[in-house]
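Please keep the viewer open as you read.

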Amino acid sequence: MRTTRTALAASVAALALTLTACGSGGDSADGKARPSAGKSESAKARTTFRLGESSPVQESTAEKYKGTKYTLTPTKVETGTEADMAASGLKKDKDDKPQVPVYVWTTLKHVSGKPMASGDMDDDLIVRTDKDKRTRALIVLLGEAKWPDCPAPQDKTLSPGQSQKICKAFLIPAGQKASAVELFQGFYKEPLEWPVNG
């Protein structure tokens with residue numbers, strides 16, 4: 001019995017030594033490190049774009065649009081003023097701190113799949129400020145806010161090949177500036193970002 005256990009232990013040790021020598025950690029025969037397929041794929045995936053560059057193709061996670069693909073292209077970002085807020089028609093609570101709007105113009109393009117409402121394509125866009133505060137687009141439940149040169153987007157159903165240009169307002173604390181538009185891609189992927197210059 002001892003002989004069998006000793007032989008088994010020696011076989012396991014020899015196997016471990018063989019795996020180490022063969023470079024199970026991704027080394028090639030010449031001893032140089034070889035990147036794994038996962039690392040090389042992630043290295044190729046861009047996450048930063050210039051304003052005017054389209055996102056990689058996104059796939060809807062909504063059951064009713066299952067398999068539908070589209071792209072988003074933020075094209076212009078401008079920070080508004082407290083005067084814009086005052087003229088917007090939004091009601092302010094007395095405890096609200098001063099805020100200013102950020103206007104984001106985006107082109108939404110349907111690529112393939114079922115017809116999709118344009119209003120469902122940009123739900124994951126976020127504005128990040130120079131103080132690292134993140135905020136989603138303003139949603140007005142009753143009535144609508146009015147902004148200079150940024151009309152409320154009309155929700156349209158887009159089919160493959162169709163696109164729509166929209167403008168949405170995001171509210172940030174007064175005194176801060178928009179530093180990037182981000183596209184949230186879930187908790188396990190880095191967000192895409194379009195830095196804002198100036």
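Two strands are said to pair if DSSP finds at least two bridges between them. Strands here are DSSP runs of E with at least two residues, and helices are runs of H or I with at least four residues; both are numbered from the N terminus. In strand S2, the bridge partner of Glu59 is Lys69.

Before going further, a word on the model: it is predicted, so local features need pLDDT of at least 70 and side-chain atom pairs count only at pLDDT 80 or more, while totals for chains, interfaces and linings use all residues. Residues are numbered from 1 along each chain as its sequence is written, and side-chain values use heavy atoms, with hydrogens and water left out.

**The sheet**

Which order do the strands of the open sheet follow? The four strands are arranged as S1-S2-S3-S8, with antiparallel pairing. At the edges are S1 (58–59) and S8, each of which pairs on one side only. As a general point, strands of a sheet pair through backbone hydrogen bonds, either parallel or antiparallel.

| Strand pair | Bridges | Direction |
|---|---|---|
| S1 and S2 (residues 69–79) | two bridges | antiparallel |
| S2 and S3 | 10 bridges | antiparallel |
| S3 (residues 99–112) and S8 | 11 bridges | antiparallel |

You can find individual partners along these strands. Pro74 stands opposite Thr106 in S3, and Tyr103 has Ala169 in S8 as its bridge partner. Strand S8 spans residues 163–173 and is mostly covered, with eight of its 11 residues buried. Here, buried means under 20% relative accessible area, exposed means over 50%, and partly exposed lies in between (1.4 Å probe, protein chains only).

**The disulfide**

Searching the whole structure turns up one disulfide, where the term stands for a pair of cysteine sulfur atoms within 2.5 Å. Cys150 and Cys167 are the partners, with an S to S distance of 2.0 Å. Cys150 sits in the loop between strand S6 (134–136) and strand S7 (157–158), whereas Cys167 belongs to strand S8, so the bond ties together parts that are 17 residues apart in sequence. The torsion about the S-S bond is about -105°, which means the disulfide is left-handed. Are the two cysteines buried or exposed? Cys150 is buried at 3% relative accessibility, and Cys167 is buried too, at 5% relative accessible area.

**Rings and a charge**

The structure holds four aromatic pairs; rings of Phe, Tyr and Trp (its six-membered ring) pair if their centres lie within 6.5 Å. One aromatic cluster is made of Tyr103, Trp105 and Trp147. The charged end of Lys76 sits over the ring of Trp105, 4.1 Å from its centre. That label requires NZ of Lys or CZ of Arg within 6 Å of the ring centre and within 35 degrees of the ring normal.

**Two backbone angles**

Most residues other than glycine have a negative phi. Asp132, however, has a positive phi near 65° and is placed in the loop between strand S5 (125–129) and S6. Asp149 has a positive phi of about 60°. Asp149 lies in the loop between S6 and S7 and is exposed, at 69% relative accessibility.

Key. Phe/Tyr/Trp six-rings, centres within 6.5 Å; stacked < 30°, edge-to-face > 60°.
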